[in-house]
Amino acid sequence: MPSTSQAGHRTVTRYSIDALLIDCSGEVPADVLHAIDTGVPQVSESHCGEAQILVRFDPNRVDAEQLARKLATLTPLDATSTNDLMTLPVRYDGPDLEAVADACNMSTASVIARHSDATYRVAFDGFSPGFAYLTGLPKELELPRLDTPRPRIPAGSLAIAAHYCAIYPSASPGGWHLLGTCNAELFNPHRNPPALLRPGMFVRFEAAR
């Protein structure tokens with residue numbers, strides 16, 4: 001098959017014998033992913049990244065060239081509905097809360113208010129199982145990663161870095177600014193689906209009283 005198929009800004013490239021890589025530049029990858037998962041049964045597995053989607057298929061049953069053309073012209077599907085909005089309770093008790101407030105020339109109360117007033121969307125999952133990168137962070141809270149990452153961040157830590165917000169699903173190293181704690185179970189391999197937060201979902205944080 002040709003190495004690529006293209007429609008508008010979206011390019012589909014052969015990644016391996018049973019996989020295609022979709023470049024979603026200029027689009028919301030989560031919306032393209034939702035359209036694939038709901039309308040392209042030839043795809044057996046799909047994984048969303050910041051600007052690309054990797055899909056797998058059975059090369060013995062699916063014509064890769066035809067699938068690439070279909071994926072290149074697929075209309076994105078916005079999954080917005082009340083079921084896609086998840087509200088998570090948070091304790092704003094993170095060790096970096098005051099430092100973030102100082103860096104942003106705000107009070108800690110203002111940081112909490114701005115952060116909890118925003119609506120976030122899961123852009124993609126990565127780094128570790130259940131780690132969801134959320135977009136929608138207010139611009140006044142955007143900060144670069146820490147110069148020196150911590151060797152261990154506790155599970156449930158609510159954090160921000162660059163234009164992303166996230167919750168660490170398990171203890172791990174990390175260089176994000178820690179604002180608080182969320183007790184939600186973000187990943188459970190025995191649950192279907194295992195990840196609580198999936199691409200396309202909307203998330204809000206509610207300050208625990």
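Guide: One definition is needed to begin: contact means heavy atoms within 4.5 Å. Please also note that this is a predicted model.

Visitor: Understood. Which residues does Ile53 touch, leaving out those up to four places away in sequence?
Guide: Ile53 touches Leu20, Leu21, Ile22, Cys24, Pro29, Val32, Leu33, Ile36, His47 and Cys48.

Visitor: And how many residues does the largest nonpolar core have?
Guide: That core has 33 residues, and Ile36, Ile53, Leu71 and Trp176 are those with the most contacts inside it. Two or more residues come from each of several elements, including strand E3 (19–23), helix H1 (29–39), strand E5 (52–57) and helix H2 (64–73).

Visitor: Which element gives the most to this core?
Guide: H2 does, with five residues. There is also a second, separate core of 29 residues, and Tyr92, Leu143, Leu197 and Met201 are among them.

Visitor: Let us turn to strand pairing. In which sense do E2 and E3 pair?
Guide: Strand E2 (residues 10–16) pairs with E3 in the antiparallel sense, over five bridges. Ser16 stands opposite Ala19 in E3.

Visitor: What stands opposite Ala19 in E5?
Guide: Arg56 holds that place in E5. E3 and E5 run antiparallel and are joined by five bridges.

Visitor: Now the aromatic residues. How many aromatic pairs does a search of the whole structure find?
Guide: The search finds 10 aromatic pairs. One of them joins Phe124 and Tyr164 edge-to-face, at 6.0 Å centre to centre and with 85 degrees between the planes. Phe124 is in strand E7 and Tyr164 in strand E11, 40 residues apart, and the pair thus links distant parts of the chain.

Visitor: Why is the pair of Tyr133 and Tyr164 edge-to-face?
Guide: The pair is edge-to-face because the planes of the two rings are at 80 degrees, with their centres 5.3 Å apart; the cut-off for that class is over 60 degrees. Tyr133 lies in strand E8 (residues 132–135) and Tyr164 in strand E11, so this pair ties together parts that are 31 residues apart in sequence. Tyr133 is itself buried, at a relative accessible area of 15%.

Visitor: Which residues form the aromatic cluster?
Guide: Phe124, Phe127, Phe131, Tyr133, Tyr164, Tyr168 and Trp176 form one cluster.

Visitor: Is Leu179 buried or exposed?
Guide: Leu179 counts as buried, at 0% relative accessibility. This residue has its place in strand E13 (residues 177–181). Leaving out residues up to four places away in sequence, Leu179 touches Tyr92, Leu97, Val100 and Leu158, among others.

Visitor: Lastly, what does Pro89 touch, by the rule of not counting residues up to four places away in sequence?
Guide: Pro89 touches Thr181, Cys182 and Glu206. Its place is in strand E6 (residues 85–90).

Terms used. Residues numbered from 1 in each chain as written. Predicted model: local features only at pLDDT ≥ 70, side-chain atom pairs only at ≥ 80, totals over all residues. Heavy atoms only, no water. Core = buried A, V, L, I, M, F, W, Y, C linked by side-chain atoms within 4.5 Å. Buried < 20%, exposed > 50% of the residue type's maximum accessible area, 1.4 Å probe, protein only. Helix = DSSP H or I, 4+ residues; strand = E, 2+ residues; numbered from the N terminus. Pairing = 2+ DSSP bridges. Phe/Tyr/Trp six-rings, centres within 6.5 Å; stacked < 30°, edge-to-face > 60°.
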